[in-house]
Amino acid sequence: LLFPFYILVISGLAFWYKKKKCKTNPEYKYFVPGLIAKIIGGLYFAYIYTFIYYGGDTTNYFESTIPMLNLASKDFGTFVKIMMGNNSLECYSQFDRFTGYPMYYLKPNSFAVVRLSTPFVFLGCKSFYLSTILLATITYSGLWKLFQVFVREYPKHMKLAAIGTLFMPSVLFWGSGIMKDSLMISALGWFIYAFYSLVKRKKNDPFFKYYIHIVISVYIMLIIKPFNFYAVTVCVAIWFVFELIAKIKNQVLRVLMYPVMLIIVSLTGMYMFLFASQIAGGYYSSTNAMLEQAVVIQQDLTRDAYGENSFDIGKFDPTISGILSKFPAAVNAGFFRPYPWEVSNFLMALSAAEKFFLLLLTIFVLIRVRTNYILASFVKKPYIFM
């Protein structure tokens, strides 16, 4: 009964916000279509995992929020402690057969999804589909901010930016449900938007709000998938260095500053990694721990239990060289597989169609655009390099 009511309220607020912003920001003509696509992606994801796969991580996350809400009625103080990240056995002892027991409690990165999803399940009246709609709506904000970054740089190519950012099927499917990916991509969007705004900030533009955006987004990335934070931090640091060097007018000095700035960034990056890894802990506490976990995941994906729903890029050692040896195969699989001849069901066909389009687009770009122009763009437009 609440389903149409929630849709009407969200749509009404979205249209009102679009109308308010569209006069000065023409990109807001894509705001409502993008939001609708996000909600449809979340509902389709929920439908597939409910009626095709008969459950999975997303339903486990949702079902784990119910004991959390029951605990809030029984012992609100302990509920607050757990929501703040206290995963102690003492707090866990407050769950009983009346509240139920949440899954993933001893897996901090997975349980972080439960903690962050609990408010949405409460507002969604403990309904899986209503909670999915609310989470898709909120996480859309990060995707929208990422879109705005591209629009600022390429205002004449607004439509292409919208297609690439807001309407990619795989992003809408995997990035809209009650999952790690939805929260991660939203945090990533806010992080890049805030950093971009600070770099390009005008004199009268208030900067404090961007620091708040960065702190919140970094926190979400660290508690869910710290590796993603490490990766994006390196990319953003390189971007920042190129931006600073590009402002130097003297060409000789500009060339000399490249190695100096890269050394400074490398040292700063190492310090940030050590600091962040202490917060992340577990598999993300050190480089060796992450490499070993990567091998464990690769071996897990080759189990017979997954049937045809997986692929094998081959074994590798838990070392930097071992990881790099699988880099081409991993990039190929991530961007371009499954190939059309690997399709075995309807869902794979949808994914294969999108990946085949990306493959053709990549080939087209490499043929159409000269290599020297691409390399020059990295220097002239540092965020492209990022």
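**View 1. Helix α7 is the top contributor to the lining of the second largest pocket, with seven residues.** Helices here are DSSP runs (H or I, at least four residues), numbered from the N terminus. The model is a predicted one, where local features need pLDDT of at least 70, side-chain atom pairs count only at pLDDT 80 or more, and totals for chains, interfaces and linings use all residues. Residues are numbered from 1 along each chain as its sequence is written, and side-chain values use heavy atoms, with hydrogens and water left out. Besides α7, α1 (2–22) and α2 (31–52) each put at least two residues into this lining. A pocket is an open set of points on a 1 Å grid over the protein atoms alone, where a 1.4 Å probe fits, with protein on both sides within 12 Å along at least five of seven lines; lining residues have an atom within 4 Å of a point.

**View 2. Into the middle of the second largest pocket.** There are 17 lining residues, and L13, F31, L35, T137 and I138 sit nearest the centre. The volume comes to about 430 Å³, taken as the space filled by probe spheres set on the points. By class, the lining has 14 nonpolar residues, two polar and one charged. Ala, Val, Leu, Ile, Met, Phe, Trp, Tyr, Cys and Pro count as nonpolar, Asp, Glu, Lys and Arg as charged, and the others, Gly among them, as polar.

**View 3. Helix α7 packs against α10.** Here α7 (residues 128–153) and α10 (residues 180–199) pack at about 35°, with axes 8 Å apart. Axes are lines fitted to C-alpha atoms over the stretch in contact, and angles run from 0 to 180 degrees between N-to-C directions. The crossing is left-handed, that is, the near helix is turned anticlockwise from the far one by less than a right angle. Residues of α7 in the contact (heavy atoms within 4.5 Å) include L135, I138 and L146, while W190, Y193 and Y196 are among those from α10. The contact of α7 with α10 has 11 nonpolar, eight polar and three charged residues.

View 4. Most residues other than glycine have a negative phi, and most peptide bonds are trans. Y54 counts as exposed because its relative accessibility is 70% (buried is under 20%, exposed over 50%, partly exposed in between; 1.4 Å probe, protein chains only).
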